[in-house]
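Subject: Structure handover

Hello,

Here is the structure you asked about. My notes on it follow below the entry.

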Amino acid sequence: MARLPVAPTQSAVKLRGDYALAGPDFRVAQNYDGYTADEQAIWRTLYERQLSLMGEHAAPEFMAGLRLLGADAHRIPVLEEASERLKRLTGFEVIGVPGLIPEADFFAHLAERRFPVTVWMRRREELDYLVEPDLFHDFFGHLPMLAHTVFANFIQAYGAIGAHARSPAALKMLARLYWYTVEFGLVHTSRGLRAYGAGILSSSGETIYATRATGPQRIAFDLQRVLRTNYLIDAYQKTYFVLDDIEQLFDSVLAADFEVLFSQAEQPGYEPDARLPGDQPASLSVS
Ligand code: HBI
Ligand code: FE
């Protein structure tokens, strides 16, 4: 494969997946029988640990989606089965990929309502942290929210916007939006602050940190603020953005003029821990 994606790290690391097997759109077969007993056990450990936290920390939409996907702790899920279920729910298809893929290909899949899921499992020493997304992060973290129609529509719209973004500065803005919502988003619910972001919900440490710790700042979601905020890839976030509800995400993107926003893309970014006069702090308690 000629066009190799770049891992999201400051240092150059070699991506773990086998890209030689990928098709032109980076699709690979899951090769289910290739998973070892230890990989099945790692899945079980991760799934049980996260499931025990979800009732108190995950958004209700995530909980509902997790049930609808039909996965469980017993075994690594079969991607085609989840894909069939998701297709019936929101029209999203699940495809296997060797890991991170180039942005343009990623956007193209999302715009066509296909979600790429990495087929390999992390190693035992990586239960708490790994640099590249693996099957557990992609499946457990991302697929449940894709069972929610409005969220699924947002992801498709995001992919379509990305497919039209050309400049590196515009792509950087879109990466921030994805990071602070799809990966690390929080939402107000009648039961208090909950997480819907996959980077949070696939990590036991950050699940508690993001929703409960007093350290990070939590501010009301504001599209322009998010598009300008730099982020940390190798530490818990300094800032989390909180939605009033999932619909706000789709509505704000629908209402935005990305041509205009991208024309401001050369403005300097805010630091990950910036505090700005316009920021609306989000409370931890039930509203
Ligand atoms: N590829 N498989 C995969 N998963 C991602 O989340 C992903 C990607 N390629 C690019 C990418 N994310 C980022 O550029 C996002 O900011 C869009
Ligand atoms: Fe992710």
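A residue is called buried here if its relative accessible area is under 20%, exposed if over 50%, and partly exposed in between (1.4 Å probe, protein chains only). Buried residues make up 55% of the 287 residues in the chain.

Some conventions before the details. This is a predicted model, in which local features need pLDDT of at least 70 and side-chain atom pairs count only at pLDDT 80 or more, while totals for chains, interfaces and linings use all residues. Residues are numbered from 1 along each chain as its sequence is written, chains are lettered from A and ligands numbered from 1 in the order in which they are written, and side-chain values use heavy atoms, with hydrogens and water left out.

The chain as a whole

The chain has twelve helices and six strands (DSSP runs numbered from the N terminus: H or I of at least four residues for helices, E of at least two for strands). Its radius of gyration is 18 Å, close to the 19 Å from the globule rule for 287 residues, so the chain is as compact as a globular protein of that length. That radius is taken over C-alpha atoms, and the rule is 2.2 Å times the number of residues to the power 0.38. The C-alpha atoms fill a box of roughly 55 × 40 × 40 Å along the principal axes. A contact means heavy atoms within 4.5 Å; among contacts between residues at least 6 apart in sequence, 68% join residues at least 24 apart.

Ligand 1

The shell around ligand 1 consists of Gly99, Leu100, Ile101, Glu103, Phe106, Phe107, Tyr158 and Ala175, each with a heavy atom within 4 Å of the ligand. Helix 4 (residues 103-111) gives the most to this shell, with three residues. By class the shell has six nonpolar residues, one polar and one charged (Ala, Val, Leu, Ile, Met, Phe, Trp, Tyr, Cys and Pro count as nonpolar, Asp, Glu, Lys and Arg as charged, and the others, Gly among them, as polar). From Glu103, a polar side-chain atom is 3.1 Å from an oxygen atom of the ligand. The protein covers 87% of the 390 Å² of accessible area that ligand 1 has on its own (Shrake-Rupley method, 1.4 Å probe; for residues, only the protein chains shown count as cover).

Helix 5 and His142

In helix 5, eight of its eight residues are buried. Their cover includes helix 1 (37-57), helix 3 (79-90) and helix 7 (168-183). At the start of helix 5, a side-chain oxygen of Asp134 comes within 3.3 Å of the backbone nitrogen of Phe136. His142 belongs to this helix (residues 135-142) and has a relative accessible area of 5%. Its side chain makes a polar contact with that of His137 at 3.1 Å (a pair of N or O atoms within 3.5 Å; within protein, one must be able to donate a hydrogen and the other to accept it, and residues adjacent in sequence count only if both atoms are side-chain atoms). Beyond four places in sequence, His142 touches residues including Phe115, Tyr178 and Glu183.

Tyr240

Tyr240 is in strand 6 (residues 239-243) and is buried, at 0% relative accessibility. The side chain of Tyr240 reaches the backbone nitrogen of Gln237 at 3.4 Å.

Regards
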